[in-house]
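The entries follow in the order of looking.

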There are 2 protein chains.
Amino acid sequence: MPEPSGVGRPRDVRRDAAIHEAALALLTEVGYDQLSIEAIAARAGVAKTTIYRRYRDKAALVAAAVEQRQGSAPPEPVAGGLRENLLAVVGWLAREIEEQEIGLLGALFAGMRGDARLADEMRRILRRDQAAMTDRLPGEELAPGAAELFAEVAPAVIVHRIVFAGERCDERFVRHLVDDILFPLLRKGIQS
Amino acid sequence: MPEPSGVGRPRDVRRDAAIHEAALALLTEVGYDQLSIEAIAARAGVAKTTIYRRYRDKAALVAAAVEQRQGSAPPEPVAGGLRENLLAVVGWLAREIEEQEIGLLGALFAGMRGDARLADEMRRILRRDQAAMTDRLPGEELAPGAAELFAEVAPAVIVHRIVFAGERCDERFVRHLVDDILFPLLRKGIQS
DNA sequence: TCGATACGAAACGGTAGCGTATCGAAATGG
DNA sequence: CCATTTCGATACGCTACCGTTTCGTATCGA
């Protein structure tokens with residue numbers, strides 16, 4: 001892929017944005033396999049050549065699009081104890097996964113199977129997002145290793161519910177996840 | 001669609017089996033989207049006509065194949081306490097998911113997106129398998145509602161690890177899942 | 001002004017799978 | 001024997017998308 005050399009007409013950054021946006025939108029709609037370069041070009045209002053000038057193939061395009069994208073930031077620590085912060089973070093996480101990432105993750109989940117590069121890229125990004133998340137938990141009331149435990153359990157249960165159970169993550173579920181699972185698990189002073 | 005009427009040459013059940021087998025094998029190998037009727041026919045050593053006579057389309061075929069298939073049975077309750085039984089069941093579950101179902105689930109996870117019928121069918125089957133699992137836990141040492149909690153947490157964490165973390169479920173992980181998560185969560189006498 | 005590059009539009013040949021149709025042979029039950 | 005159905009083999013037209021090429025225009029730096 002020839003990088004832009006600086007000489008000649010420069011690339012239009014708005015087209016980069018349009019391509020990324022279209023790619024992510026279609027990715028969540030139809031999935032990775034059904035995703036076609038032609039559809040992305042059409043949705044972005046861009047010629048196919050403009051895409052092939054930037055990316056070698058679909059995997060490279062998707063990786064770049066997901067790379068660039070940023071979700072909303074996790075909530076700041078609130079006043080109150082561990083439970084209140086857990087409710088805030090889990091609520092945010094559930095909403096985040098449900099609204100945006102689930103189609104994305106589902107699509108990538110499938111797409112990863114055939115493309116090891118894409119798989120590694122996705123896992124790198126997921127880890128990055130998780131790291132930003134576990135910072136939001138107050139350390140005082142936490143059992144040792146609780147942050148890792150949270151990152152291991154909370155997304156898992158949320159994703160599992162949405163995908164395999166096919167149910168939504170309403171307020172009731174968030175409270176259930178916090179009160180029945182996370183809080184007793186992460187609270188300091190729990191003896192094995 | 002036309003059911004065999006009884007008159008004329010009967011259908012060969014070995015071909016049904018061959019079709020199911022080929023479908024499941026290819027499903028785990030290439031995924032739902034990449035799965036093609038032609039490839040299934042080739043792998044099964046069967047003409048396309050033979051498949052289209054039985055199933056209207058890909059979704060119907062896959063649903064039937066997954067329906068028929070049975071994994072190994074969960075282990076019988078062993079002597080010893082809750083922890084030993086948890087180790088046995090979780091070890092079996094991890095192996096089951098890792099060996100067979102992960103490719104299957106991944107493929108279906110993606111395929112479900114486009115086909116609501118298939119999605120419902122899959123969830124029905126998953127629930128059936130989970131029900132057979134939670135029977136294997138001894139009721140005496142369990143907190144109330146622990147069986148549902150187990151079904152909610154254990155598969156979620158296992159799947160999440162395999163898919164999103166990209167790591168295997170070795171003996172060490174099974175112990176971690178039981179000792180650090182499930183056992184403290186399910187044990188009777190845990191006070192919120 | 002000029003060279004180089006980016007862009008849109010369109011066309012291209014190629015691949016892959018779809019679902020259907022046709023044909024002859026084989027297997028049933030009446 | 002015979003109607004009926006299954007099965008393999010093969011061909012068919014169709015659609016979608018691939019990745020590339022061409023051409024005319026637009027937009028930059030020098």
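Predicted model: local features only at pLDDT ≥ 70, side-chain atom pairs only at ≥ 80, totals over all residues.

I then looked up which elements give two or more residues to the surface near DNA strand D, and found α2 (37-44) and α3 of chain A together with α3 of chain B. Sorting the residues of this surface by class, I noted eight nonpolar, seven polar and eleven charged.

I turned next to DNA strand C, where I found 27 surrounding residues, with Gly8(A), Arg9(A), Ala47(A), Thr50(A) and Arg9(B) as the closest. For the surface near DNA strand C, at least two residues each come from α3 (48-52) of chain A and from α2 (37-44) and α3 (48-52) of chain B. The classes for the surface near DNA strand C are nine nonpolar, seven polar and eleven charged.

Last, I looked up a helix pair within chain B, and noted that the axes of α1 (residues 13-30) and α4 (residues 58-68) come within 9 Å and cross at roughly 100 degrees. On the α1(B) side I listed His20(B), Ala23(B), Leu24(B) and Leu27(B) as making the contact, and on the α4(B) side Leu61(B), Val62(B), Ala65(B) and Gln68(B). I recorded the residues of this contact of α1(B) with α4(B) as six nonpolar and two polar, with no charged residue.

Terms used:
Residues numbered from 1 in each chain as written. Chains lettered and ligands numbered in written order. Axes fitted to C-alpha atoms, helices over the stretch in contact; angles between N-to-C directions. Helix = DSSP H or I, 4+ residues; strand = E, 2+ residues; numbered from the N terminus. Contact = placed C-beta atoms within 7 Å. Nonpolar A, V, L, I, M, F, W, Y, C, P; charged D, E, K, R; others polar. Near = placed C-beta within 6 Å.
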